[in-house]
Amino acid sequence: MKLLVLATLLGLSSAQFDPHMKDGRTSLVHLFEWRWADIAEECERYLAPNGYGGVQISPPSEHIVLTNPWQPWWQRYQPISYNLCSRSGNENELRDMITRCNNVGVNIYVDAVINHMCGAGGGEGKHSSCGSYFNANTKDFPSVPYSAWDFNDGKCHTGSGEIENYNDIYQVRDCRLVSLLDLALEKDYVRGKVAEYMNTLIDMGVAGFRVDACKHMWPGDLSAVFRRLNNLNTKWFSSGSRPFIVQEVIDLGGEPITASEYTGLGRVTEFKYGAKLGTVIRKWSGEKLSYLVNWGEGWGMMASGKALVFVDNHDNQRGHGAGGASIVTFWDSRLYKIAVGLMLAHPYGVTRVMSSFRWDRNIVNGQDENDWMGPPSYGDGTTKPVPINPDSTCADGWVCEHRWRQIRNMVIFRNVVNGEPLSNWWDNGSNQVAFGRGSRGFIVINNDDWTLDATLNTGLPGGTYCDVISGDKQGSSCTGKQVQVGGDGYAYFNISNSEEDPFIAIHADSKL
């Protein structure tokens with residue numbers, strides 16, 4: 001019987017690790033808090049032409065609207081119903097965005113909040129993004145509908161009803177996460193409502209989901225929901241394609257709940273990746289780039305085929321979630337470009353690029369007291385559009401790391417070298433490293449306090465290549481540095497430690 005259940009699970013999930021990206025694309029970008037109308041435009045004007053494979057969007061379901069603090073970003077993670085109107089736009093705008101992005105080969109992945117509804121202190125009334133009535137005090141959400149019967153309160157055995165001990169797996173999965181009303185996903189009715197919501201989005205054309213707070217749900221309950229999901233829409237995906245599943249499980253070690261409990265159901269967010277890479281890039285605790293020779297599984301991470309990786313995400317760039325102060329973000333732009341460049345050059349995992357907005361930082365005793373701030377908004381709380389500058393960067397508080405030349409060009413690099421093995425590793429025993437991807441690409445990084453000066457085996461065919469970090473290949477010319485590779489595959493590299501971007505990357509398509 002156990003073997004039969006295992007076989008069923010394997011059959012269910014074997015296709016849920018595939019992000020179904022089209023046209024040789026390999027990376028997705030999280031356009032955090034963007035409006036649907038802006039994402040649709042971005043797919044057409046920038047993401048598709050520059051090789052991005054997909055977009056993770058903010059939760060599209062109806063959410064609470066809070067005024068204390070004023071419309072924080074995390075109100076999106078407090079659902080009121082599964083109606084499709086949020087601060088990013090209405091259902092028609094969502095549908096239009098999904099269609100337009102799919103039509104240019106860019107997939108949409110939904111951030112799905114299915115563990116809970118709004119906070120227990122959310123009150124009563126219509127202060128929600130669609131204007132639906134709800135009563136958090138009595139656990140009444142008529143737009144779903146959910147009632148008090150559909151929550152886990154009776155199963156939680158802490159005095160507060162909150163998670164009080166993360167070493168107790170029952171508390172973590174049956175009690176409230178920061179006062180959020182915890183859904184009883186063991187109940188068939190609740191599973192059905194969650195699956196109905198996700199299937200509505202699948203039928204609209206999404207390619208999959210980033211499922212929020214999976215550590216707080218039992219793997220068996222998630223499996224039961226995922227089994228109910230429809231195949232992807234055959235207008236854009238091949239017949240029988242299963243939705244891509246990424247489960248958010250924060251596992252840095254030291255807790256009884258581990259990511260490995262979820263890797264049978266789909267990919268899992270590898271939080272060790274950004275935390276450990278940040279420590280290495282910052283050179284903390286004696287860590288060095290040269291130690292990355294066995295990066296990935298060799299550092300205690302899950303198998304590459306199970307992992308979604310990222311340098312930072314919307315939580316830990318604010319100090320929430322996992323990784324602490326080691327996490328590198330856009331606030332440290334020089335180190336950030338090195339970290340993202342290395343991630344995109346290395347073959348481990350499916351890669352996700354972060355695209356952020358700025359907020360007014362106010363660090364007090366090591367904590368940012370403004371980490372709650374929502375996206376750039378008008379006085380009434382409406383999210384502002386994303387304006388594009390003449391140099392293709394973004395304005396009005398939108399950071400748009402995915403549009404930084406160095407990151408955009410490394411997304412293309414990853415596409416060009418896809419499927420090629422790690423090769424020709426070199427290091428100086430310290431913080432200068434280089435490696436190739438077969439005969440298709442090569443990257444050299446100097447994170448030491450002195451100049452890198454070396455002749456290295458790139459593995460590439462002889463010729464002149466455009467360095468895609470310092471510039472772009474335009475026709476037969478290069479706006480940045482050029483690298484001369486000899487007939488033996490060797491090339492000379494000189495990278496000063498004082499350069500704004502102390503790394504060089506070349507690939508087959510950057511050959512002049």
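Trainee: Is Asn389 buried, partly exposed or exposed?
Mentor: Partly exposed, because its relative accessibility is 27%. Keep in mind that this is a predicted model.
Trainee: Where does Asn389 lie?
Mentor: In the loop between strand E14 (367-368) and helix H9 (405-417).
Trainee: And what does Asn389 touch, leaving out residues up to four places away in sequence?
Mentor: Cys394 and Ala395. The Asn389 side chain also reaches the backbone oxygen of Cys394, at 3.2 Å.
Trainee: Which cysteine is joined to Cys394?
Mentor: Cys400, through a disulfide with 2.1 Å from S to S. That link is left-handed, with -95° about the S-S bond. Cys394 is buried at 10% relative accessibility, and Cys400 is buried at 1%.
Trainee: How many disulfides are there in the whole structure?
Mentor: A search finds five. One of them pairs Cys43 with Cys101, sulfur atoms 2.1 Å apart. Cys43 sits in helix H2 and Cys101 in helix H3, so the pair ties together parts 58 residues apart in sequence.
Trainee: Which way is the link of Cys43 and Cys101 handed?
Mentor: Right-handed, with 90° about the S-S bond.
Trainee: New topic. Which feature does UniProt place at residues 26-414?
Mentor: The unreviewed entry gives "domain: Glycosyl hydrolase family 13 catalytic". Over residues 26-414 the chain is 23% helix and 13% strand.

Key
Residues numbered from 1 in each chain as written. Predicted model: local features only at pLDDT ≥ 70, side-chain atom pairs only at ≥ 80, totals over all residues. Heavy atoms only, no water. UniProt positions renumbered as here; feature names shortened; annotations may be inferred. Helix = DSSP H or I, 4+ residues; strand = E, 2+ residues; numbered from the N terminus. Buried < 20%, exposed > 50% of the residue type's maximum accessible area, 1.4 Å probe, protein only. Contact = heavy atoms within 4.5 Å. Polar contact = N/O pair within 3.5 Å; in protein donor to acceptor, adjacent residues only side chain to side chain. Disulfide = S-S within 2.5 Å.
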